[in-house]
Amino acid sequence: MTQSLEGDFNPAVHFLGLLKKALADGLARRCSMTDGPQIVIAPRQMAYYSASITAADVRTLCLAQPFDLQIEALPNWNPDAEQETIQVGRMRIRAKSSHALAGLEAKPLAELLWQATICASNGRLLQGCRANETVRLKQWPDVSLLAHNQSYLRIAQFMHSSSVDLLTVAAQTGLPLAEVYDFHNACATLGLIERGNVLEPEEYFLGLIQKSLRDGLARRCALPGLPPLFLAPAERRYYCCQADKQANLAMYFSASPNDIQAEVITHIEQGGDDEEETIQIGRMLVRRKKENQVPRLASGPLEELLWNATVNVSRGRLLAGKRCEDVVRLKRWPDFSRLAQDRRLLPLAAFMSVNAADLPTVAKHTGTALTQVIDFHNACAVLDYLEYLPEGRLHQRAVSEQERKTYRTISKTLGGIRAAEHAG
Amino acid sequence: MQDKTQIKLVFTGSVGAGKTTAITTISDVPPIVTEARPSDDVASRKSSTTVAMDYGQLMLEDGAKLHLYGTPGQRRFDFMCHILTQGALGLIVLVNNSNPDPLEDLDYYLNLNADFLKNRPAVIGVTHLDVAESPTLEDYYASLGERGEIWPVFRADAREREDMVVLIDALMSLLEYG
């Protein structure tokens, strides 16, 4: 079979289309096949529920076409209770729902999305994609959960380490293009693929921070398996658990927004170290240490989170809507003592604060790789530290070789001090 | 005492901004300080203050020395600023954010060194931000914007070597690339 270079796999005509629809409208659905498996798709819980479903049943569902399936929308479906409130005379009582499924077991929706894509794509590229488009795997799929083979591991390894087109992936890994397409499609369905050379904030946690800053609403964000992170735009701060803070933040930064459960909240529950509660035992009121203590959260400025969220995912791709030829000047320096701690960025800030220039000119005059200039530009643009000007203007003063040598010697000595401080 | 070919930096700023502490923090040798009991309103804030200059040095990788000078904070000794900045690579202005009007302090020291700053850069370190959160760094940039200048402004703790390293490093970047 010869693979088309233009995407012709349309999820809408498969079970996958139903899953995508549920994700888009957030509505739970019961899905069943005559004499076949029955599941409830719960997009808000990012889960599907079933009573003892086998791998073969999942495959049957995934290969089904929409007309093979009976679909029932469950607008008020509650996975915890599986109960509904009914009126009996004047009383309202809770009864087992007529929709209830016995002994439901929850499984991650990602597993179903993955399987549904692999089953249905059958060596065809996802509609809207092109084989010669540059892509990159921004995060490994969870291979502890998702069905995979050795080929997928090889493709994942290659696509995670470099931005390349799918034809190159197939050529470099020696695997059939059909297999590369299937893997790509499944990853794209889970939001794990970065496209082209454009950084779209909405594809990352970065977009959520920006949204929170725009609408001014505090949010509780949660990634499965990680402590929650709170955005408090009114205070211009964020809150998170102190333990493993850097590692957890890195997971949030690279996560797909599909995986992050974000809910608007009115206040942030900030725990103390020794909170007490009053409880009643018989006639007595007694005070005791709270059973479920909310840990005291670490906090930091939102600017810091924005900066790091951008730098972490930028990887040399220019922010959507910006061009390399844009002439920019730095309105203010990032706070290098707290925000941008990479001292290699200092020359960029120095040059860009004095000169109005496009990004290749900045790269040339500072001897910095264009990708690094772009990353710095993106972070500064997100924080509104840049002004965009109609034309370039260079004010650089002449520096003699002797002067340059002196400045660099001082900088090098300072680098040594800094390294010693970190080592100490 | 001063050699015109020496490589030097000058720390300046208001009383209590941390100039002596900054030089002590970064210097490789015990600094020379010229402190005395203050005789004016400074006495209510500090038991001693610099009256001539502070001096420290940092040994560079090639064996040369970077000389570090600190100016007195009391304005009656402002003349020392002009003496000490002669031949300096640049100026580090420390501003105590808990002073009554830190933005005016910044304005004052930039005006005092206006001639020097025509050809040499400055970096601004805002200290005591833990004591007084306002004005913010944004306010400092707005104030610099009104002057038509954009010197780097960083929060700084004069006791932290890394903070002092960042200030000097930013100054070197401005000298080479600015």
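The model is predicted. Chain A is divided into three stretches assigned as domain 1 (11-81 + 98-194), domain 2 (202-301) and domain 3 (320-424). Chain B has 178 residues, of which 50% count as buried. The largest nonpolar core has 104 residues, and a second, separate core has 51 residues.

**Chain B and the domains of chain A**

- Chain B contains five helices and seven strands.
- Along the sequence, the order of these elements in chain B is β-α-β-β-β-α-β-α-β-α-β-α.
- In chain B, 70% of the contacts with a separation of 6 or more are between residues 24 or more positions apart.
- In chain A, the centres of domain 1 and domain 3, taken over C-alpha atoms, are separated by 43 Å.

**Contact between chains A and B**

- Chain A gives 29 residues to the contact, and chain B gives 29 residues.
- On the side of chain A that touches chain B, the elements giving two or more residues are α10 (346-354) and α13 (401-423) of chain A.
- With 13 residues, α13(A) provides the largest share of that side of chain A.
- By residue class, the side of chain A that touches chain B consists of 13 nonpolar, eight polar and eight charged residues.

**Nonpolar cores**

- Within the largest nonpolar core, of 104 residues, B:I124 and B:L167 have the most contacts.
- Helix α5 (residues 161-177) of chain B supplies eleven residues, the largest share of this core.
- Chain A also takes part: domain 2 (202-301) and domain 3 (320-424) of chain A each give at least three residues to this core.
- Beyond its neighbours within four places in sequence, B:L167 is in contact with B:I92, B:V123, B:G125, B:F154 and B:A156.
- The second, separate core of 51 residues has A:C31, A:Y152, A:C187 and A:L192 among its members.
- As a general background, nonpolar side chains tend to be buried together in soluble globular proteins.

**Helix α1 of chain A**

- The buried residues in helix α1 (residues 15-25) of chain A include A:F15, A:L16, A:L18, A:L19 and A:A22.
- These residues lie on the same side of α1(A), because they cover an arc of only 160 degrees around the axis.
- In an α-helix there are 3.6 residues a turn, so residues three or four places apart point the same way.
- A:A24 and A:D25, on the other side of α1(A), are exposed.
- The cover over the buried residues of α1(A) includes the strands β1 (28-33), β2 (38-42) and β4 (69-74) of chain A, and also the helices α2 (55-63) and α3 (109-121) of chain A.
- A:G26 follows α1(A) and has a positive phi, near 70 degrees.

**Strand β3 of chain A and its partners**

- Strand β3 (residues 47-50) of chain A is covered on both faces, with A:A47 and A:Y49 buried on one side and A:Y48 and A:S50 buried on the other.
- β2(A) and β3(A) run antiparallel and are joined by four bridges.
- A:Y48 in β3(A) is the bridge partner of A:I41.
- The hairpin formed by β2(A) and β3(A) has four residues between the strands, and A:M46 in the turn has a positive phi of about 50 degrees.
- β3(A) is also joined by four bridges to strand β7 (residues 105-108) of chain A, and this pair runs antiparallel.
- In β7(A), A:E105 stands opposite A:S50.

Methods:
Residues numbered from 1 in each chain as written. Chains lettered and ligands numbered in written order. Predicted model: local features only at pLDDT ≥ 70, side-chain atom pairs only at ≥ 80, totals over all residues. Buried ≥ 20, exposed ≤ 12 C-beta atoms within 10 Å, placed from the backbone. Contact = placed C-beta atoms within 7 Å. Nonpolar A, V, L, I, M, F, W, Y, C, P; charged D, E, K, R; others polar. Domains from an automatic or database assignment. Core = buried A, V, L, I, M, F, W, Y, C linked by C-beta atoms within 7 Å. Arc of directions from axis to C-beta. Pairing = 2+ DSSP bridges.
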